[in-house]
Amino acid sequence: MHPRNPDSGPRNIKLRYILEDPEGLTVSGRAEHEIMAAKGEHLLEVALDQGINIEHACGGVCACSTCHVYIEQGMDCLSEATEAEEDRVEEAPGLRRNSRLSCQCVIQKEGTIVIRVPAWNRNAVKEVPH
Ligand code: FES
């Protein structure tokens with residue numbers, strides 16, 4: 001996973017992460033995090049940068065489903081899922097209509113984006129990248 005690019009442009013898009021298992025995902029144990037982000041950033045890289053340790057067994061190359069999240073608001077602000085992502089996300093436990101792989105979600109439009117990180121994220125089965 002790439003670190004956040006400090007030159008990515010104005011961070012004027014509000015992301016709200018809701019963690020179902022805050023103790024498992026963060027040191028602070030806080031369940032809600034509001035983070036400003038820029039167009040072009042990925043939901044996973046922003047979360048990791050802010051100490052929200054979403055699993056990412058394959059390193060963010062769409063080869064696992066451990067970075068699975070639910071987009072509760074702002075799906076239209078994100079890049080559309082590719083066929084590869086759709087195939088992968090189907091392997092995630094607890095699949096819903098608003099399921100996405102956070103490493104594949106690129107912020108494309110201004111708006112408010114609400115991301116729910118499921119509790120079982122920490123316990124997702126690790127897969128070996130292909
Ligand atoms: S980290 Fe593996 S698909 Fe996102």
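Contact here means heavy atoms within 4.5 Å, and every view below is taken from a predicted model.

**View 1. Glu 85 in helix α3 and the residues around it.** Glu 85 has its place in helix α3, which covers residues 83-89. Leaving aside neighbours within four places in sequence, Glu 85 is in contact with Cys 62, Arg 100, Leu 101 and Gln 104. With a relative accessibility of 1%, Glu 85 counts as buried, because buried means under 20% relative accessible area.

**View 2. Cys 62 in the loop between α2 and β3.** Cys 62, one of the contacts of Glu 85, is found in the loop that runs between α2 (43-49) and β3 (68-73). The phi of Cys 62 is near 65°, a positive value in a residue other than glycine. Most residues other than glycine have a negative phi. The relative accessibility of Cys 62 is 14%, so this cysteine counts as buried.

**View 3. Cys 58 and Cys 64, two buried cysteines.** Cys 58 is buried at a relative accessible area of 10%, and Cys 64 also counts as buried, at 2% relative accessibility.

View 4. Ser 99 lies in strand β4, made up of residues 99-101, and is buried, with a relative accessible area of 8%. Its side chain is joined to that of His 68 by a polar contact of 2.8 Å, while a polar atom of the Ser 99 side chain lies 2.7 Å from the backbone nitrogen of Arg 96. Not counting residues up to four places away in sequence, Ser 99 touches His 68, Val 69, Tyr 70, Val 89 and Gly 94.

**View 5. Arg 96 over the face of Tyr 70.** Arg 96, whose backbone nitrogen lies 2.7 Å from a polar side-chain atom of Ser 99, also lies over the face of Tyr 70, at 3.8 Å from the ring centre. Tyr 70 is in turn among the residues that Ser 99 touches. As for ring-to-ring pairs, the count of aromatic pairs comes to zero.

**View 6. Gln 73 in strand β3.** Gln 73 is found in strand β3 and is partly exposed, with a relative accessible area of 41%. Leaving aside neighbours within four places in sequence, Gln 73 is in contact with Thr 112, Ile 113 and Val 114. The C-alpha atoms of Gln 73 and Ile 35, which are 38 residues apart along the chain, are separated by 15 Å.

Technical notes:
Residues are numbered from 1 along each chain as its sequence is written. This is a predicted model: local features need pLDDT of at least 70, side-chain atom pairs count only at pLDDT 80 or more; totals for chains, interfaces and linings use all residues. Side-chain values use heavy atoms; hydrogens and water are left out. Buried means under 20% relative accessible area, exposed over 50%, partly exposed in between (1.4 Å probe, protein chains only). Rings of Phe, Tyr and Trp (its six-membered ring) pair if their centres lie within 6.5 Å; planes under 30 degrees apart count as stacked, over 60 as edge-to-face and the rest as tilted. A charge sits over a ring if NZ of Lys or CZ of Arg is within 6 Å of the ring centre and within 35 degrees of the ring normal. Helices (H or I, at least four residues) and strands (E, at least two) are DSSP runs, numbered from the N terminus. A polar contact is a pair of N or O atoms within 3.5 Å; within protein, one must be able to donate a hydrogen and the other to accept it, and residues adjacent in sequence count only if both atoms are side-chain atoms.
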